[in-house]
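The sequence and structure are shown first.

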Amino acid sequence: MKNVTDSFVSLGHWPSAGSFGLNTDLFATNPINLSVVLGVLIFFGKGVLRDLLDNRKQKILNTIRNSEELRREAVEQLEKAQARLRKVEMEADKFRVNGYSEIEREKLNLIHSTYQILEQLENYKNETILFEQERAINQVRQRVFQQALQGALGTLNSCLNNELHLCTISANIAMFGVMKELTD
């Protein structure tokens, strides 16, 4: 137990001027700090994350339903186009002698344009789903991080006395400085 308290703050080495010392051994303090931060994130973030994911799930499902409705409309248009095609084919039989080639071109153009519309709608649906999923993931990440950080800071602020609070702030500033030096 003595090693655990020594890894946070070395109480026996406090200068007489009223300041305090920190254990700067990163290998001794990082696992403890990480476990505390992860515990706080899990405790405060799981309900928020569940709600955010449920909301995003509903939005994605609504988007999928809308896309399916667009698909159904495209299928209906295809059925109408096929009905028109059958009608055109019947007329083509009547006027085969006079204008077979022009009717054939109209039929192909009609089929081609219908398939292009279906392809565009399918592509739009897929792009919309992918975009919404990426946006949902990014929003959830940001919200969970912000709320977990706010919750952790609120808990820390309510639990820490002034000296321990200043000690924690100094340690975090030092840790961020080391991380910045490592990334630069």
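The chain contains four helices and zero strands, and its elements follow the order α-α-α-α from the N terminus. The model is predicted. Of its 184 residues, 17% count as buried. Among contacts with a separation of 6 or more, 71% involve residues 24 or more positions apart.

**Salt bridges**

The chain has six salt bridges.

| Pair | N to O distance |
|---|---|
| R56 and E132 | 3.1 Å |
| E68 and K125 | 3.7 Å |
| E89 and K107 | 4.0 Å |

R56 and E132 form a salt bridge. This pair links distant parts of the chain, with R56 in helix 2 (residues 26-94) and E132 in helix 3, 76 residues apart. Both R56 and E132 are buried.

E68 and K125 are likewise joined by a salt bridge. Since E68 belongs to helix 2 and K125 to helix 3, their pairing ties together parts 57 residues apart in sequence. E68 is partly exposed, at 28% relative accessible area, whereas K125 is buried at 11%.

E89 meets K107 in a salt bridge. E89 lies in helix 2 and K107 in helix 3, so this pair ties together parts 18 residues apart in sequence. E89 is partly exposed, with a relative accessible area of 35%, while K107 is buried at 18%.

K107 is located in helix 3 (residues 96-159). Leaving aside residues up to four places away in sequence, K107 touches L85 and E89.

Notes. Residues are numbered from 1 along each chain as its sequence is written. This is a predicted model: local features need pLDDT of at least 70, side-chain atom pairs count only at pLDDT 80 or more; totals for chains, interfaces and linings use all residues. Side-chain values use heavy atoms; hydrogens and water are left out. Helices (H or I, at least four residues) and strands (E, at least two) are DSSP runs, numbered from the N terminus. Buried means under 20% relative accessible area, exposed over 50%, partly exposed in between (1.4 Å probe, protein chains only). Contact means heavy atoms within 4.5 Å. A salt bridge is a side-chain nitrogen of Lys or Arg within 4 Å of a carboxyl oxygen of Asp or Glu.
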